[in-house]
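Me: I am new to this structure and would like to learn how to read its features one by one. Could you take me through them slowly?

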Amino acid sequence: MTATPAAVIVLSAGDGTRMKSSLNKALHRIAGRTLVGHAVSAAVGTGASYVAVVVRAQKEAVGAAAREIDEAVVLAEQDDVYGTGRAAECGLAALPPDLSGTVVVTTGDTPLLTAETLLQLTADHAEHGAAVTVMTGILDDATGYGRIVRNDIGEVQAIVEHKQATEEERKIGEFNSGIFAFDADVLRDALAQVDVHEQAGEKYLTDVVAVAVGKGLHVRAHVLDDLWQTEGVNDKAQLARLGKELNRRLLDDLMRQQGAIVIDPDTTWVDVDVTVGQDTVVRPGCQLHGATTIGAGCEIGPDTTLTDTEVADGAKVVRSHANLAYIGPEADVGPYSYLRPGTELGRAGKIGGFVETKNTQIGDGAKVPHLTYAGDATIGAGANVGAGTIFANYDGVAKHRTTVGRASFIGSNSVLVAPVDIADGVYVAAGSAIYENIEPGRLGITRAEQHNVDGWVARRRAGTSTDEAAQEALAGDPQVSSDSPETTDEQGDSPA
């Protein structure tokens, strides 16, 4: 049987003091998403008509994180009465007063909980006509958890907290996950009857079970085998533990469902929205973040970090970083390069070793092979940018743009001073500083005349190994001096 809840209420109002952090627990991240974001994603995935998130501590930030997943999320603020029961009551009050059907209540700190599991809980609840269904798990040692107490025919009679449990009750392995399905009317009426515990000053959601049982209503348990989905985050050690397990599951899905080849899952980290195409090889040490999308037949890594980057089919990226970039089909990047936002590399293009690009479009088959900074530039198809070239885009006040035309060639160690337009089919001589436009078919060159000073080493570096090498070379070829392109006398000496 399939069923959809009328509403899902996510409890995310706690302080999370055990996290030992200035950041609210709900705002800590694993796999690129906040804890409350994971909870909201699962809730929205059920197709519920309403999703309400109960907030209190750092309410603006927690609410904003929830609405990053779905802007339609209803935010409900918990007042000064503490406890899960009061939180659920505040969430319910933010929904239509005539709401009927199944209301699922979850927590904002169980990041592995899935929409599929919530739908299974809802279906079980509806199929058996229950007033309350509690999701449970079974442990050999359930110390610290509330225990599920059943009667002789297996019906749930109570949820007893560990501190209040008898010695016999503490032997029970079935525990309360804190995730429930309620009939909306039952929840509304029962919460109105639940009192605040005088000693703790809290109103407990588990007391709804006692109210329902007392009225002879049907309360059942939905046992979940995958206990990872019920585990909440209470401290940073649990955050890391759940993050590792979630990462394992994401990588398993990439390999089994999408056909990726992940060489070493233990050193590969991906976020929840990452996709990797069939037969793409992801080598050790890679991190794929945000909405990164990788096509089929690519090679990624080793030691590569991609954030919100699109990599087309057949591309190769090795030991490089890219953020908000596009890498075209069969393109080649790295090693040790940094593609900053706005970088677009065309089909079969190349960004080689130790290159940094920013807001730069590189055409099909164009190459920026070595040791270059290309910022605010357009590089035409088939162009070649020599090693050590700098696109000087900033004048101290504003950024300016450089254009390199189709099939043009930029010699090594050149500086292109923006704004400048280098047309199609242009050569720039190595070592030039170009600050004026160059028309098609021309050579751009800015270079001082070369002077070779005869005898300088013998005079200024006498007795050095360089001098010895020079003397040996001269002795072996007496024409070297006279064949020099140009010589100057002693007056023409200049420092090395």
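Predicted model: local features only at pLDDT ≥ 70, side-chain atom pairs only at ≥ 80, totals over all residues.

Me: Which residues does UniProt place under the feature "binding site"?

Reply: UniProt positions are given in the numbering used here, with feature names shortened, and annotations may be inferred rather than shown by experiment. The unreviewed entry gives "binding site" at residues including Lys25, Gln78, Glu161, Arg340 and Asn384. They span 360 residues in sequence, and the farthest two C-alpha atoms are 70.9 Å apart, so they do not all gather at one spot. Of these residues, Lys25, Gln78, Gly83, Thr84, Gly146, Glu161, Asn176 and Asn234 are included in the lining of the largest pocket. On a 1 Å grid over the protein atoms alone, a pocket is an open set of points with protein on both sides within 12 Å along at least five of seven lines, and lining residues have an atom within 4 Å of a point.

Me: Is Lys25 buried or exposed, and what does Lys25 touch?

Reply: Buried means under 20% relative accessible area, exposed means over 50%, and partly exposed lies in between (1.4 Å probe, protein chains only). With a relative accessible area of 15%, Lys25 is buried. Helices (H or I, at least four residues) and strands (E, at least two) are DSSP runs, numbered from the N terminus, and Lys25 sits in the loop between strand S1 (7-11) and strand S2 (29-30). Contact means heavy atoms within 4.5 Å; not counting residues up to four places away in sequence, Lys25 touches Asp15, Gly16, Met19, Leu35, Asp109, Val233 and Asn234.

Me: Where is Glu161 placed?

Reply: Glu161 lies in the loop between strand S9 (156-160) and strand S10 (174-183). Glu161 is partly exposed, at a relative accessible area of 33%, and its contacts, apart from residues up to four places away in sequence, are Gly146 and Thr206.

Me: How are two packed helices described?

Reply: Two packed helices are described by the angle between their axes and the distance between the axes. Axes are lines fitted to C-alpha atoms, for helices over the stretch in contact, and angles run from 0 to 180 degrees between N-to-C directions. Helix H1 (residues 35-44) and helix H2 (residues 59-69) pack at an angle of about 40°, with their axes 8 Å apart. H1 and H2 are therefore oblique to each other, given that angles under 35 degrees count as roughly parallel, over 145 as roughly antiparallel, 65 to 115 as roughly perpendicular and the rest as oblique. The contact is made by Val36, Gly37, Val40 and Ser41 of H1 with Val62, Ala65, Ala66 and Ile69 of H2.

Me: At what angle do helix H3 and helix H5 cross?

Reply: The axes of helix H3 (residues 84-93) and helix H5 (residues 184-193) come within 10 Å and cross at roughly 130°. That makes H3 oblique to H5. Gly85, Ala88, Glu89 and Leu92 in H3 meet Leu187, Arg188, Leu191 and Ala192 in H5.

Me: How many of the residues of H3 are buried?

Reply: Seven of its 10 residues are buried, so H3 is mostly covered. The elements covering those buried residues include S1 and H5.

Methods: Residues numbered from 1 in each chain as written. Heavy atoms only, no water. 1 Å grid on protein atoms, 1.4 Å probe; cavity = no way out; pocket = protein on both sides within 12 Å on 5 of 7 lines; lining within 4 Å.
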